[in-house]
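Reader: Could you walk me through how this protein is put together, going from helix packing to rings and loops?

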Amino acid sequence: METFDAALAAAASAVEATLDTVLPHGDGPEARLFEAMRYATLGGGKRLRPFLVMQGAKLFDVEPAQAARTGAAVELIHCYSLVHDDLPAMDDDELRRGRPTCHVQFDEATAILAGDALLTLAFAVLSAPETHPDPAVRIALVAALAKAAGALGMVGGQMFDLAAETLSLGLDEIKRLQRLKTGALFSFACEAGALLGRAPEKARQALLAYAEDLGLAFQIADDLLDAEGDEAEVGKKVGKDAALGKATFVSVLGIENARKEAQILAERAISRLDIFGRKAESLTNLARFVVERRA
Ligand code: GRG
């Protein structure tokens, strides 16, 4: 039987091959933009969101190439968000995935344009017939990703996060912020397999319920890594939340309770998958991986 690490690596290599195919390259004045897009997407990352798409899709016997394209689309959005989040106007970070951030490696204007182009490329990938022969399925994917990534999802969450630097948030508000900023993309990634497979509503809802708990567990683990992780291992600067006095799960709950809450959420996420039985084993393993990870 395939181990979890092997399944994660296989999903990463399938999505990287797809990204390599869909990303532009060439000569001329735009070459620097193409290089920056490739730099921001092909240099590492755990590829958790594509893994969720591909494992969700497996539950409904979706063609692996269709799942890989949909996984690539969500990864393109994720990578664009990292490029823009690292800019001086936002988090002003110099290290990402263990390498210089895109604006440090290239320049600020190129990084902004690379982010913009990754965002639009995601929708071009989803809307192409190779992603699914049924246009209704493609439209459903485009609509769901647009909602998850936009003002009512990730971008709205980022705005909330910027505002939160001067607000003192309680636990419920932190949960709402994180559901938007990171949870929305996780929800899309989990739902996408059900959309590709035209799954029954009950199955789609089970995956969305799993995503909700998984997203919060992931974010608590991310806050714990910022509070006590090692920069070299994590591949980005740590200790930033405390330095900014930011309200996080760790600042509100404390380290021990945050760790317990992440475990509880991961176990609850797993229980949402009961209707799939053994077929959902990789998604079960992912929930445990997310709270135990060191990077
Ligand atoms: C700038 C539009 C815009 C949105 C930014 C998602 C986001 C919103 C910013 C990313 C910055 C950040 C540290 C968010 C916290 C959680 C998170 C998304 C961490 C990075 O995701 P991983 O751990 O990263 O999946 P890899 O590198 O493995 O892909």
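Reader: Which residues of α7 meet α9?

Author: Keep in mind that this is a predicted model. On the α9 side the contact uses Ala-184, Leu-185, Phe-188, Glu-191, Ala-192, Leu-195 and Leu-196. Their partners in α7 are Val-137, Ala-140, Leu-141, Ala-144, Leu-145 and Ala-148.

Reader: How many nonpolar, polar and charged residues are in the contact of α7 with α9?

Author: Glu-191 is one of the residues on the α9 side, and Glu counts as charged. Sorting the residues of this contact gives 1 charged, no polar and 12 nonpolar.

Reader: Roughly parallel or antiparallel: how does α7 run relative to α9?

Author: The two axes come within 9 Å and cross at roughly 170 degrees. Angles over 145 degrees count as roughly antiparallel, so α7 and α9 are roughly antiparallel.

Reader: Back to Glu-191: is it buried or exposed?

Author: Glu-191 lies in helix α9. Apart from neighbours within four places in sequence, Glu-191 is in contact with Ala-144, Arg-204 and Leu-208. Its relative accessible area is 12%, and the cut-off for buried is under 20%, so Glu-191 counts as buried.

Reader: Which helices do the buried residues of α8 pack against?

Author: In helix α8 (residues 154-164), the buried residues are Met-154, Gly-156, Gly-157, Gln-158, Phe-160, Asp-161 and Ala-164. These buried residues pack against α4, α7 and α9.

Reader: What about α14 and α15: what is the angle between them, and which way do they run?

Author: Helix α14 covers residues 255-271 and helix α15 covers residues 281-292, with axes 9 Å apart. The packing angle is about 170 degrees. That makes the pair roughly antiparallel.

Reader: And how do the residues of the contact of α14 with α15 divide?

Author: From α14 come Ala-262, Gln-263, Ala-266, Glu-267 and Ile-270, while α15 brings Thr-284, Ala-287, Arg-288 and Val-291. By type, they divide into 2 charged, 2 polar and 5 nonpolar.

Reader: On to the rings: what kind of pair do Tyr-39 and Phe-106 form?

Author: In total there are 5 aromatic pairs. For Tyr-39 and Phe-106, the ring centres are 5.5 Å apart and the planes are at 75 degrees. Planes over 60 degrees apart count as edge-to-face, so this pair is edge-to-face.

Reader: How many residues apart are Tyr-39 and Phe-106?

Author: Tyr-39 and Phe-106 are both buried. Tyr-39 is in helix α2, while Phe-106 is in the loop between α5 and α6. The pair links distant parts of the chain, 67 residues apart.

Reader: Which residue has its charged end over the ring of Tyr-39?

Author: The charged end in question is 3.8 Å from the centre of the Tyr-39 ring. It belongs to Arg-99.

Reader: Where is Phe-276, the ring partner of Phe-60?

Author: The rings of Phe-60 and Phe-276 have centres 6.1 Å apart and planes at 80 degrees, so they too are edge-to-face. Both residues are buried. Phe-60 is in the loop between α3 and α4, and Phe-276 is in the loop between α14 and α15.

Reader: Last one: Arg-47 has a positive phi, so is it buried or exposed?

Author: Arg-47 is not a glycine, yet its phi is about 60 degrees. Its place is in the loop between α2 and α3. At 2% relative accessibility, Arg-47 counts as buried.

Terms used
Residues are numbered from 1 along each chain as its sequence is written. This is a predicted model: local features need pLDDT of at least 70, side-chain atom pairs count only at pLDDT 80 or more; totals for chains, interfaces and linings use all residues. Side-chain values use heavy atoms; hydrogens and water are left out. Axes are lines fitted to C-alpha atoms, for helices over the stretch in contact, and angles run from 0 to 180 degrees between N-to-C directions. Helices (H or I, at least four residues) and strands (E, at least two) are DSSP runs, numbered from the N terminus. Angles under 35 degrees count as roughly parallel, over 145 as roughly antiparallel, 65 to 115 as roughly perpendicular and the rest as oblique. Contact means heavy atoms within 4.5 Å. Rings of Phe, Tyr and Trp (its six-membered ring) pair if their centres lie within 6.5 Å; planes under 30 degrees apart count as stacked, over 60 as edge-to-face and the rest as tilted. Buried means under 20% relative accessible area, exposed over 50%, partly exposed in between (1.4 Å probe, protein chains only). A charge sits over a ring if NZ of Lys or CZ of Arg is within 6 Å of the ring centre and within 35 degrees of the ring normal.
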